Amino acid sequence: MIEVNGLTKRYGDFTAVQDLTFTVQPGEVMGLVGPNGAGKTTTLRCATGIIPATAGSLRVAGIDLAADPVAAKRQLAFFPDEPRLFEHLTVRQHLAFAAKIYHVRQHEIRAEALLAELEIADKGDQLPAELSRGMKQKLVIACGLLHSPKVMYFDEPLTGLDPLGIRRMKDTIKRLAREEGAAIILSSHLLSLLEEICTHVLIMKKGRRIALGTLPEVVAQFSHGETDVSLEEVFIRATGGTET
Amino acid sequence: MHVFRALLYLRLMSLRNAVGHQVRRLRQPKYLIGAIAGAAYFWFFFFRQTGAGNPVGVMSEILKEGRVEYFAAAMFTLYLLVTWITPSDKPGLAFSEAEVAFLFPAPLARRQLIHYKLLNGLLMSLFGAFFFTLLSSTTRGNWLGALRTLGAWWSINATLSLHNTAAALTITRLSAAGLGTGRRRALIVSLLLAALTTGAFFVDRDGWTSLEILLWPARLAVRPFLADSFGHYLLALIPAAGLVALHYIWCHRLETPFEEASIAQAQKLGERITRLRAGKGLRFGGKAKAQRGPFPLGDRLPPEFAFLWKNLLAAPSYLNRKVFLGAAAIIYLGMTWLMNHPADDGPKIAGAAGVIALILLAYLLIFGPQLARNDLRGDIGNADMLKAYPLPGWRIVLGSLLAPAVIMTAVAWLFLLMAGLALLPPSGDKALWFTPQFRIALVAALAVIMPALLTVQLLVPNTATLLFPAWSQTARSMGGGMDVMGQRMIFFFGQILCLAAALIPAVVLGGGTIFLTQWMIGLPAAIALAVIPVLLVFIGEICLGVWFLGERFEKLDLSSELRA
């Protein structure tokens, strides 16, 4: 479970996120949307413990991220928009490294299972430079899932993927939530992705929460009684159609 | 003509914006401080210096004495020959990625592109000439002299630059025609020998040596630089400029396809820039290759070893255990052989090698930590990923420091081995204390404290990276300027200062231990004993440094640091 209470992040005089509160339960996928500069990435970075919050509290699987960041981070996985890999480590060496960092003992069996599931077992001895964008993304996912996290954060997970890769990524996210009970936050500009796989939506603008709830609830909030209002229309109405 | 106006506009606007960008960023204190340090260095080194103290100034003075024209021409010719025998892998006409994207599909004739690139090369030669003119001590306060030197350097630079381009384009043509590297080199050497032999046979009788004939074009190029009066300078400048013009025509007339090689080179350059901007540093020796892990990453090892393991994998493959052991064996056998052959001056040669090893060790201590980058500096671009790991900051910092510390320690031990085997007692009766036990104790003590000392030294550049990540990113970017030069200097002097600060308590405690105990237990044992307090000091400094850096790493937010 992810619990965020009064999260605020300031950079000098600039407030990137202002008093944000939300909860994501196990099995839920929350879509984080908003115009550019809304504070989505900052929210994700604070929620993963990458940057400290200026104010507010964050709990990951019941553990206070500020009080015990190491224990909290053991419960989560962060999948950035750009697959960041160590260029001198092969696919299997990446998994060995991740296993050591996350204290995964006897990781080989699980690693091989993940590689097989993600269809990159035959690339095990290759370096990132030899992998396609989709393969790299799969390797990042394999490393992130190795320690069976309870909380996951995806930042623009479909960037650079081909149609088949997009389908598989969507299936993976849905399976992780439904079958493994992970609490997932997904940041994306692709509203169709949110409609397809998210159970909840959080719309942000200028660091503030504009709307939060299940998809039907958020749609209802901005449809003003109209029927068949698309999420795109809801987004435009919610954000006023501008970035600022 | 409109095409050239457009290309000229591109060049001038790029230059104006680059200068404007550098000036504007001086509003940020980090760049302003760097710029002040760089300007101060520039002023004191180039303008305030008296006499011909700087290297180029000295060289200029030397060149103006005696029959230096031949020497300069010989160097010039040698450089030209090297461009033919071992050419660089860059294409003759190198375009940037943006130039490829905008100019290649544009309605421009190939010849226009060639003109653009050649003229651009001439402009770059002018910048190079300007820099060399600044370095020349003879131009200080003498504007006419400075202008002369500028023209002379420009003709040399421009000829060399155009010759490089022409050689690269010609070699591309020859390669396309099936003339491989080996055959090309053999052909060039044969032509050279044939020219010298023929010249010797036919020309020497008229008072000209074949060498003079061979050096004649190069002498034309260097003469303006060596002219002793303004009149002679102008007379010398005409054939030198003619040489530049001939090279220009040569390049322009070569019908060599350059597009594919230029695109490949632009992509390579783009990758290098991307790597540098991602904080990954330059990569030498081609693409990365998959390697076996340097040691088994067992379950019982602490996570710091995972960083060591990862960063050793990222190190060049020749930095491995076998190579170090092999080098140690060679050093041991070689030095022992030299020490046992006094008749062949073996001990003297070994002594010289030992001194060189000590000098290299000193260099390693000062420059090694700045150059070894497979630590936090290499990973700063991945800081977000590292910060998401379930590890406290100090463990990530400690793990990151291990690989460069291990590699530099291995290199330092090789230098110590060489110096230790070459150590000879000073001549005279006062060298009674220089026993084999003393030699072993001294080398062993240095070997034991070396890993800790190098780790302390590594803390300095990593501290700079975490305290000033923007500086670190800038120093790695392709951009230059006075401010970046100043930043690098501040890092370097910071390294020296920290070395001194780290050494003072260790030296005081170690020296005190030796002084107090040598009377009781002898000098070798006192040296061995002194290792304990020295190590304790270094370990204390490392703990303090790693703790501080860990705290800093946990609070690091690159997005806010690089916001400016």
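The legends below describe close-up views of a predicted model.

Local features are described only where pLDDT is at least 70 and side-chain atom pairs count only at pLDDT 80 or more, while totals for chains, interfaces and linings use all residues. Residues are numbered from 1 along each chain as its sequence is written, and chains are lettered from A and ligands numbered from 1 in the order in which they are written.

View 1. Four strands form an open sheet in the order E2-E1-E4-E5 (chain A), with antiparallel pairing; helices (H or I, at least four residues) and strands (E, at least two) are DSSP runs numbered from the N terminus, and two strands pair if DSSP finds at least two bridges between them. The edge strands, each pairing on one side only, are E2 (14–24) and E5 (63–64) of chain A. Strand E1 (residues 2–11) of chain A is joined to E2(A) by 7 bridges in the antiparallel sense, and Ile2(A) has Val24(A) in E2(A) as its bridge partner. Helix H1 (residues 40–47) of chain A packs on the sheet, where it touches E1, E2 and strand E4 (55–60) of chain A, and its direction makes about 120° with that of E1(A). Here a contact requires that the C-beta atoms of two residues, placed from the backbone, lie within 7 Å; axes are lines fitted to C-alpha atoms, for helices over the stretch in contact, and angles run from 0 to 180 degrees between N-to-C directions.

View 2. Strand E7 (151–155) of chain A is mostly covered, with 5 of its 5 residues buried; a residue is buried if 20 or more other C-beta atoms lie within 10 Å of its own, exposed if 12 or fewer, and partly exposed in between, with C-beta atoms placed from the backbone. Val151(A), Tyr153(A) and Asp155(A) point one way from E7(A), whereas Met152(A) and Phe154(A) point the other way. In a regular strand the side chains alternate between the two faces of the sheet. Strand E6 (residues 76–79) of chain A pairs with E7(A) in the parallel sense over 4 bridges, and Phe79(A) stands opposite Phe154(A). Strand E8 (residues 183–187) of chain A also runs parallel to E7(A), joined to it by 5 bridges, with Met152(A) opposite Ile184(A).

**View 3. Packing of helices H3(A) and H5(A).** Helix H3 (residues 91–101) and helix H5 (residues 133–145) of chain A pack at an angle of about 25°, with their axes 9 Å apart. H3(A) is therefore roughly parallel to H5(A), a term for angles under 35 degrees, as against roughly antiparallel over 145, roughly perpendicular from 65 to 115 and oblique for the rest. The residues that meet are Val91(A), His94(A), Leu95(A) and Ala98(A) in H3(A) and Leu139(A), Ala142(A) and Cys143(A) in H5(A). By class, this contact of H3(A) with H5(A) has 6 nonpolar, 1 polar and no charged residues; Ala, Val, Leu, Ile, Met, Phe, Trp, Tyr, Cys and Pro count as nonpolar, Asp, Glu, Lys and Arg as charged, and the others, Gly among them, as polar.

**View 4. Two residues of chain A with positive phi.** Most residues other than glycine have a negative phi. His103(A), in the loop between H3 and helix H4 (107–117) of chain A, has a positive phi near 55°, and His103(A) is partly exposed, with 13 other C-beta atoms within 10 Å. Glu156(A), in the loop between E7 and helix H6 (163–178) of chain A, has a positive phi of about 45°; Glu156(A) is partly exposed because 18 other C-beta atoms lie within 10 Å.

**View 5. Helix H12(B) and the side of chain B that touches chain A.** In all, 24 residues of chain B are in contact with 29 residues of chain A. Helix H12 (304–314) and helix H16 (383–387) of chain B are the elements that give two or more residues to the side of chain B that touches chain A, and H12(B) has the largest share, 4 residues. By class, that side has 13 nonpolar, 3 polar and 8 charged residues. H12(B) is mostly covered, with 8 of its 11 residues buried, including Phe307(B), Trp309(B) and Lys310(B). Its buried residues pack against H3 of chain A together with helix H17 (393–422) of chain B.

**View 6. Val546(B) in helix H21(B).** Val546(B) lies in helix H21 (residues 523–555) of chain B and counts as buried because it has 23 C-beta neighbours inside 10 Å. Leaving aside neighbours within four places in sequence, Val546(B) is in contact with Trp394(B), Val397(B) and Leu398(B). Gly393(B) is 153 residues from Val546(B) in sequence, yet 8.8 Å away in space, C-alpha to C-alpha.
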